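The sequence and structure come first.

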Amino acid sequence: MADLFSVDTDAYRPLADRMRPENLSQYIGQAHVLGPDKPLRKAIDAGKLHSMVFWGPPGTGKTTLARMLASGTDSHFIPLSAVMAGVKDVRAAVAEAKSFRDGGQRTVLFLDEVHRFNKAQQDAFLPYVEDGTLIFVGATTENPSFELNNALLSRARVYVLKSLTRDDLIAILEQALRDERGFGGTLAASQEQLGNLADAADGDARRALNLLEIAADLSDGSLSDAVVEDVASGRARRFDKGGDSFYDQISALHKSVRGTDPDAALYWFTRMLDGGADPYYLSRRLIRMASEDIGNADPRALALCLDAANAYERLGSPEGELALAQAVVYLACTPKSNAVYVASKAAAADLDAYGSLDVPAHLKNAPTRLMKELGHGEDYRYAHDEPDAFAAGEDYFPEDMPRRRYYHPVPRGLEIRIGEKLAELEKRRKDAKTKRK
């Protein structure tokens, strides 16, 4: 009778779970950390493990690799998820690890989504990592530098896992087609179809296998182009509005603009919009770029970015996005100068160095009789009454501070003329001071 109620649990396991590699020979990708000459591969082959953190996008094999570390070194494996685990679960895991240690077997404790533990919770592992009760392996999609405390980072080596390539994903799909844990040769697919599924997966092995399984459910022995196209059409590019992917992409956009590459700048801008970035945020960043990287080499850049932001506010998406794209291309193509940005930072440094120096008396306003009696505004030279509206030799800095030159125009765009003008005025300023002496 028992057979009547027996359940094939594999029938309910998703393909992505069934196809988890059981050893390194089945593991595809991440050659930069698992190549024959790489430290992690050597440690695994030698059976010598250390605490570590895997940092990478979803679907790059973090959990699978942790399981293989344990099985490949005959270690007890305890999986926890920081999404669901609490202090009670950590204590139970430590007690379990101690019992296996007493029995002569080491334990690999795997904590998925480790960044979701606060830093106090992370500290709970430290004594047991220190005394060898367990080998800690964490997995995170977030930057460990920001999300993990220094004490844990100092005891664990960080390995960066990369998004899988298109070829990696196709190889994983081919493995699923022929492997008994997958389709065992019962499902046929062309290279073009597998390529379409790989493209839709966007570097994520789990997503690639899920798409293949969905397509298989809609097919009968052989995938059709129509089914594959339909399944792949729901693709979504990887984009994390609050995480590293977001800041990496805005950094790439900014650097492409700075590097005068309008095509790359337009790519990153379009990719961020496609991924769900807030156009208002992007418009603010473009305005910042106009001042930081173009400045007075082309003052029109700032005005154009403000106009683009206003256009988007009036039109919304998708019509207003073209105005922002126009601003991106203009910023990338126009002459570059960070002279104002550098000058402002230099001025800020002098604020720290000299403190709150008083305004010289001749530069102070004198709206009252008392202020005039105190000498406010005395001997001030009104520039508009001077030749060329320039009071040669006048000093506008605090009395206890040497004259500074923060702004150095670059020989590009409008700043060529600005630089020439400032050089001329500086000569007249020095000549005037020489005559006074």
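Phenylalanine 54 stands opposite alanine 139 in E4, and in E5 its bridge partner is tyrosine 159. The model is predicted: local features need pLDDT of at least 70, side-chain atom pairs count only at pLDDT 80 or more, and totals for chains, interfaces and linings use all residues. Residues are numbered from 1 along each chain as its sequence is written, and side-chain values use heavy atoms, with hydrogens and water left out.

**Sheet layout**
- Five strands make up an open sheet with parallel pairing, in the order E2-E3-E4-E1-E5.
- Strand E2 (76-81) and strand E5 (157-160) are the edge strands, each pairing on one side only.
- On average, neighbouring strands of this sheet are turned by 20° against each other, direction ignored.
- Strands (E, at least two residues) and helices (H or I, at least four residues) are DSSP runs numbered from the N terminus, and two strands pair if DSSP finds at least two bridges between them.

**Strand pairs**
- E1 and E4 are parallel and pair over four bridges.
- E1 is also joined to E5 by four bridges, again in parallel.
- Strand E3 (residues 107-112) runs parallel to strand E4 (residues 135-140), with five bridges between them.
- Leucine 109 has phenylalanine 136 as its bridge partner in E4.

**Helix on the sheet**
- Helix H4 (residues 62-72) lies across strand E1 (52-55), E2, E3 and E4, and runs at about 150° to E1.
- Contact means heavy atoms within 4.5 Å; axes are lines fitted to C-alpha atoms, for helices over the stretch in contact, and angles run from 0 to 180 degrees between N-to-C directions.
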